Amino acid sequence: MKCLSSTYMIRTLAMSVATHIKCRGGTYPRSSIQRLSVPDHKISWTVEYPEYNPPYYTAASIQGQPWADLEIGDPNFKPKWNSQDGTVNRESYMGPYKVVNDVPLNPVGRTGVQGRGVLGRWGPNHAADPIVTRWKRNETGDIQPILQFVTIKRRDTDEWALPGGMVDPGEKVAATAVREFREEATSSLTMSENEKKAWQEKFQKFFERGDEVYRGYVDDPRNTDNAWMETVAYNFHDENDSVVGTLKLHAGDDAVGVQWLDITPNLNLYASHKDIVKEVVKRKIL
């Protein structure tokens, strides 16, 4: 039993370290707040860290926003942790998370900063990520054994990322994935209602065939001890390039670029997006 326990602890530590890299150390995004350093072996809340006293930060820009929670302690804020709270889903894909002094704790562990940062919700903030793929073709049109996917360049970090976004209250996650792709990778924001309807009719069947490839925690630099990103990722694959090949890519409001990108071993993407994309490759090629 002692060996099993040790093995379990090692695996748990390895998982925490592997999924808790971009949200530790350095300056918190869009701020001057310096995260408190968290050594690998002290990520887990089960490990004592008596001197742990990270800075508290909740961005002023999210205060009063209709999509953001109120501060904990506000008499008008009575969240139902680990459950469906009206139209807001406060359940985690990681399972029940701990709540200490009415404050939720990041299920993976310490991040070096308390509060919500720039995230709207205390606890899990749910997103959806579409991975639209096709096979690469050479000059003569022959298929190459290389997957390509649609990626956007984020305006806030200048990193390439999946064209995903936050799930609106009451919205189905799969619907979010399609909506975000349309908003972030096509010109839908400038389309007329007739053009949107035509787009929907043309691509509806394609986007109904998505395969869920990931559901869980995201190693996002915006994560804090009390607020974190989770996502469900769907792969929409066009085997013959007969549908997505006709897509006219156009960067949305939150992006400064959009393109088809080869999936290669040295791919560098925002947050945990590389790991999610690698899962698609594993399913398509292996």
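I take partly exposed to mean a relative accessible area between the buried limit of under 20% and the exposed limit of over 50%. I am working on a predicted model.

**Entry 1: Arg215 and Glu212**

I started with Arg215. Its relative accessible area is 42%, so I put Arg215 down as partly exposed. Arg215 makes a salt bridge with Glu212. I read 2.9 Å between the closest N and O atoms. Glu212 has 34%, so Glu212 is partly exposed as well.

**Entry 2: other salt bridges**

How many salt bridges does the count come to? I noted 19.

I looked up Lys42 next. The side chain of Lys42 meets that of Glu51 in a salt bridge, at 3.5 Å from N to O. Lys42 counts as buried because its relative accessibility is 18%. Glu51 counts as exposed because its relative accessibility is 51%.

Then I turned to Arg154. A salt bridge joins the side chains of Arg154 and Asp156, with N to O at 2.8 Å. At 15% relative accessibility, Arg154 goes down as buried. Asp156 has a relative accessible area of 39%, so I list Asp156 as partly exposed.

I also found a network. Salt bridges link Asp168, Glu171, Arg179, Glu180 and Glu183.

**Entry 3: Arg110**

Where does Arg110 lie? I located Arg110 in the loop between β5 (103–104) and β6 (114–117). Arg110 is buried, yet I found no salt bridge for it. Asp225 is the nearest side chain of opposite charge, and Asp225 is 6.4 Å away. What does the side chain of Arg110 reach at 2.9 Å? I noted the backbone oxygen of Val47.

**Entry 4: the largest pocket**

I moved on to the largest pocket. About 1,200 Å³ of space lies in it. I counted 47 lining residues. Which of them are closest to the centre? I wrote down Gly165, Met166, Val167, Glu180 and Arg222.

I then checked which elements supply the lining. At least two residues each come from β3 (88–89), β7 (123–137), β8 (143–154), β10 (165–166), α2 (173–185) and β12 (227–238). I sorted the lining residues of this pocket by type. They divide into 19 nonpolar, 12 polar and 16 charged.

**Entry 5: positive phi**

Next came backbone angles. Most residues other than glycine have a negative phi. I picked out two residues with a positive value.

Arg30 has phi near 60°, a positive value in a residue that is not glycine. I placed Arg30 in the loop between α1 (2–18) and β1 (56–58). Arg30 counts as exposed because its relative accessibility is 55%.

Ala271 has phi near 50°, again positive in a residue other than glycine. I found Ala271 in the loop between β13 and α4 (273–285). Buried or exposed, which is Ala271? Its relative accessible area is 8%, so I recorded Ala271 as buried.

**Entry 6: His250**

I finished with His250. I placed His250 in the loop between β12 and β13 (255–262). His250 counts as partly exposed because its relative accessibility is 40%. I also checked a separation along the chain. His250 and Ile263 are 13 residues apart in sequence. Their C-alpha atoms are separated by 20 Å.

Technical notes. Residues numbered from 1 in each chain as written. Predicted model: local features only at pLDDT ≥ 70, side-chain atom pairs only at ≥ 80, totals over all residues. Heavy atoms only, no water. 1 Å grid on protein atoms, 1.4 Å probe; cavity = no way out; pocket = protein on both sides within 12 Å on 5 of 7 lines; lining within 4 Å. Points joined across faces, edges and corners; volume = space filled by probe spheres on them. Helix = DSSP H or I, 4+ residues; strand = E, 2+ residues; numbered from the N terminus. Nonpolar A, V, L, I, M, F, W, Y, C, P; charged D, E, K, R; others polar. Buried < 20%, exposed > 50% of the residue type's maximum accessible area, 1.4 Å probe, protein only. Lys, Arg positive; Asp, Glu negative; His and termini not counted. Salt bridge = Lys/Arg side-chain N within 4 Å of Asp/Glu carboxyl O. Polar contact = N/O pair within 3.5 Å; in protein donor to acceptor, adjacent residues only side chain to side chain.
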